[in-house]
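Good morning, and thank you for coming. Please look at the sequence and the model that I am about to show, and keep both in view while I speak.

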Amino acid sequence: MSQVTINRIASVLRDQFDGHIDMSDWATRPADLADTAFLSRALAAQCVRTLARTDPATAGAAIVDGFDDLGIDAVHFDANADTLILVQSKWSKNGNAAFDEGDVSKFVNGVRTLFNGSFERFNSKLRSKEAQIREALYASREIKIVLITSHTATQGIAIHVARVLSEFVASLNDSVPIAEHFDFNQAGIYKLITAESKDPKITLQAVLAEWGVIE
């Protein structure tokens, strides 16, 4: 684990999402704990921002983390790409804490509850997104579902933990492939926050006619 990398990720997340993520539920809590909670939420927001190619305010508004989130930290429906994005995130300043089986099982059960339409079981943040979620789940057009686990551990999630997600994705894809899962560890998050600073790749097709060789 590189502390320099962790510090850089934290700095970028603060710059990107300060003022764009609701932290009112942490107002009376110790500052260090509130900062960890902010960075965890900002991790989820960064995933939404990059995948949906949206701005920090929109990505910050996707955060539903809090009491009664049922393991879901962010929800965003990208109408341009017809993609429903669901994120579970976890910040560790030491870069040594990925998700365990209990964390991921809670996330999977929360997503399953959401897909069953039991919105009354969730907090007000998620319930406020009911209309866009229903638009995604019950659309007549093809909709893609992307599940994301995001954390600052140097390793990806363990095999037995990943199996919980892969089996759930397989059940969603029974007969029609609609869902996929991505796990972003510390290196993956670093790539997300530096992606915008890289020059875009240019793909160009050209036809060369009447070519020859001159010596």
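This is a predicted model: local features need pLDDT of at least 70, side-chain atom pairs count only at pLDDT 80 or more; totals for chains, interfaces and linings use all residues.

Let me begin with a question: is Asp82 buried or exposed? Asp82 is buried, with a relative accessible area of 18%; here buried means under 20% relative accessible area, exposed over 50%, and partly exposed in between, with a 1.4 Å probe and protein chains only.

Residues are numbered from 1 along each chain as its sequence is written, and side-chain values use heavy atoms, with hydrogens and water left out.

Now to the overall picture. The protein has eight helices and four strands. Helices (H or I, at least four residues) and strands (E, at least two) are DSSP runs, numbered from the N terminus. Along the sequence they follow the pattern α-α-α-β-β-α-α-α-β-α-β-α. The C-alpha trace spans about 80 × 45 × 35 Å along its principal axes. Of the 215 residues, 46% are buried.

Let us turn to the sheet. Four strands form an open sheet in the order S1-S2-S3-S4, with mixed pairing; two strands pair if DSSP finds at least two bridges between them. The edge strands, each pairing on one side only, are S1 and strand S4 (179-184). Neighbouring strands are turned by 20° against each other on average, direction ignored. For such angles, axes are lines fitted to C-alpha atoms, for helices over the stretch in contact, and the angles run from 0 to 180 degrees between N-to-C directions.

Strand S3 (residues 144-151) pairs with S2 in the parallel sense over eight bridges. Ser89 has Ser150 in S3 as its bridge partner. Helix H4 (residues 101-115) packs on the sheet and touches S2 and S3, and its direction makes about 150° with that of S2. Contact means heavy atoms within 4.5 Å. On the other pairing, S3 and S4 run parallel and are joined by six bridges, and Val146 stands opposite Glu180 in S4.

Next, a pair of helices. Two packed helices are described by the angle between their axes and the distance between the axes. The axes of H2 and helix H8 (residues 186-194) come within 10 Å and cross at roughly 55°. That makes H2 oblique to H8; angles under 35 degrees count as roughly parallel, over 145 as roughly antiparallel, 65 to 115 as roughly perpendicular, and the rest as oblique. The contact involves Leu43, Gln46, Cys47 and Thr50 of H2, together with Ile189, Leu192 and Ile193 of H8.

Finally, I return to the backbone. Most residues other than glycine have a negative phi. Asp82, however, has a positive phi near 50°, and it lies in the loop between strand S1 (74-78) and strand S2 (83-90). Arg53, also not a glycine, has a positive phi of about 55°. This residue is found in the loop between helix H2 (31-52) and helix H3 (56-60). Arg53 is exposed, with a relative accessible area of 79%, whereas Asp82 is buried.

Thank you for your attention.
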